[in-house]
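Subject: Structure for your files

Hello,

Here is the structure we spoke about, with the sequence alongside. My notes on it follow below.

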Amino acid sequence: MPFPNSSDLSPSSFVLASIPGLETAHFWMAILLCSVYILAVTGNCVVLFIVKTEPSLHAPMYFFLCMLAVIDLALSTSTVPRILSFYWFNTREISFSACFVQMFFIHTLSAIESTVLLAMAVDRYVAICHPLRHAAVLTNAVTMKIGLVAMARGVTFFLPLPLLLLPLPFCHSRLLSHSFCLHQDVMNLACANTTPSMVYGLTAILLVMGLDAILICLSYILILKAVLRLASWKERLKVFSTCIAHICVVLAFYVPLIGLSVVHRFGKDLAPLVHIIMGNVYILVPAVINPIIYGVRTKEIQRRILNLIHINND
């Protein structure tokens, strides 16, 4: 079944992107995407279950890990089912209202995840540089408050994004460059002055993700200084190894984010396949990678998973 031209579709909708020449492969692409999504959901649910049922894991670091799991579940669930609907049932249109809601969730959840990653960096800094104060500074109550602040920060900064686009007319092509709605993508389709939306979007990203990235780097500079003051290389490696999982998770979040931003701003002439792959990587890679990283690097979670497997085998 051929895809309709964007000009033939309802004027109250956007058109999700497909890969030219690969429309017949959408069924198999959806199978692959669905498999990755199931892996992401399973991995993050396992992390949540283990932390909830293991009292010894009721500590700030694991609560932050649970926050990441919930964010990744929400982010992937707000996009992947709609993409699968497009690939399997050829539902290429997405209404304005649904698009703006999806845009809000994607950007807000990304901002919340960035804040949680910063909080985890601070947790590592306090644990390594001020170990005697760690239990007093980062209590469970403080951790919960940090989660609420992260949520409020994300909503406050990124709720205006869809609101600034909502009154704009879209009189040209409504064909998006991804299979979901992003602010920059939708903004480029408006046939009105988008300067306020562009300036605000860039400012919000710099004040949230940009500032968080700088503070995370600063935290690790201070951590490295503290680690290098230790007597032996064995001690240094042992202490710094406690940060490896967090560093990998930070890279899994920021590298696709930066890559997607670069593609949007400087890759207008790139093939549609590049935009779609980068978008899917941005949505799914952190959700899949995060539970794997912490499952491999955290002995307590490893032990609990092995216990669950052993019980099921018995």
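**Overall surface and fold**

The accessible surface of the protein chain is about 15600 Å², and carbon and sulfur atoms account for 73% of it. Please keep in mind that this is a predicted model.

The protein chain contains 13 helices and two strands. Its radius of gyration is 21 Å, close to the 20 Å that the globule rule gives for 314 residues, so the chain is as compact as a globular protein of that length. Taken along the principal axes, the C-alpha atoms fill a box of roughly 70 × 50 × 35 Å. Of the 314 residues, 46% are buried. Among contacts with a separation of 6 or more, 79% are between residues 24 or more positions apart.

**Annotated segments**

The unreviewed UniProt entry places the feature "transmembrane region" at residues 27-50, 62-84, 104-126, 146-170, 198-223, 244-267 and 273-296. I looked at two of these segments in the model. Residues 104-126 are 100% helix and 0% strand, with the end C-alpha atoms 33 Å apart. Residues 146-170 are 76% helix and 0% strand, and there the end C-alpha atoms are 39 Å apart.

**A nonpolar patch**

On the surface, F27, W28, I31, W88 and F89 form a nonpolar patch, with about 580 Å² of accessible area together. Two helices, α1 (26-53) and α3 (80-89), each supply at least two of the patch residues. The largest share, three residues, comes from α1. W28 is in helix α1. Its relative accessibility is 62%, and because the cut-off for exposed is over 50%, W28 counts as exposed.

**A buried loop residue**

L57 is in the loop between α1 and α2 (60-77). Is L57 buried or exposed? With a relative accessibility of 0%, L57 counts as buried, since buried means under 20%. Which residues are in contact with L57, leaving aside its neighbours within four places in sequence? They are I50, V51, Y62, E300 and I301. For a distance across the chain, L57 and A231 are 174 residues apart in sequence, and their C-alpha atoms are 30 Å apart in space.

Regards

Key. Residues are numbered from 1 along each chain as its sequence is written. This is a predicted model: local features need pLDDT of at least 70, side-chain atom pairs count only at pLDDT 80 or more; totals for chains, interfaces and linings use all residues. Side-chain values use heavy atoms; hydrogens and water are left out. Patches are made of residues with over 30% relative accessible area and no salt bridge: like charges are joined within 9 Å, nonpolar side chains (Val, Leu, Ile, Met, Phe, Trp, Tyr) within 5 Å. Accessible areas come from the Shrake-Rupley method with a 1.4 Å probe; for residues, only the protein chains shown count as cover. A salt bridge is a side-chain nitrogen of Lys or Arg within 4 Å of a carboxyl oxygen of Asp or Glu. Helices (H or I, at least four residues) and strands (E, at least two) are DSSP runs, numbered from the N terminus. Buried means under 20% relative accessible area, exposed over 50%, partly exposed in between (1.4 Å probe, protein chains only). The radius of gyration is taken over C-alpha atoms; the globule rule is 2.2 Å times the number of residues to the power 0.38. Contact means heavy atoms within 4.5 Å. UniProt positions are given in the numbering used here, feature names are shortened, and annotations may be inferred rather than shown by experiment.
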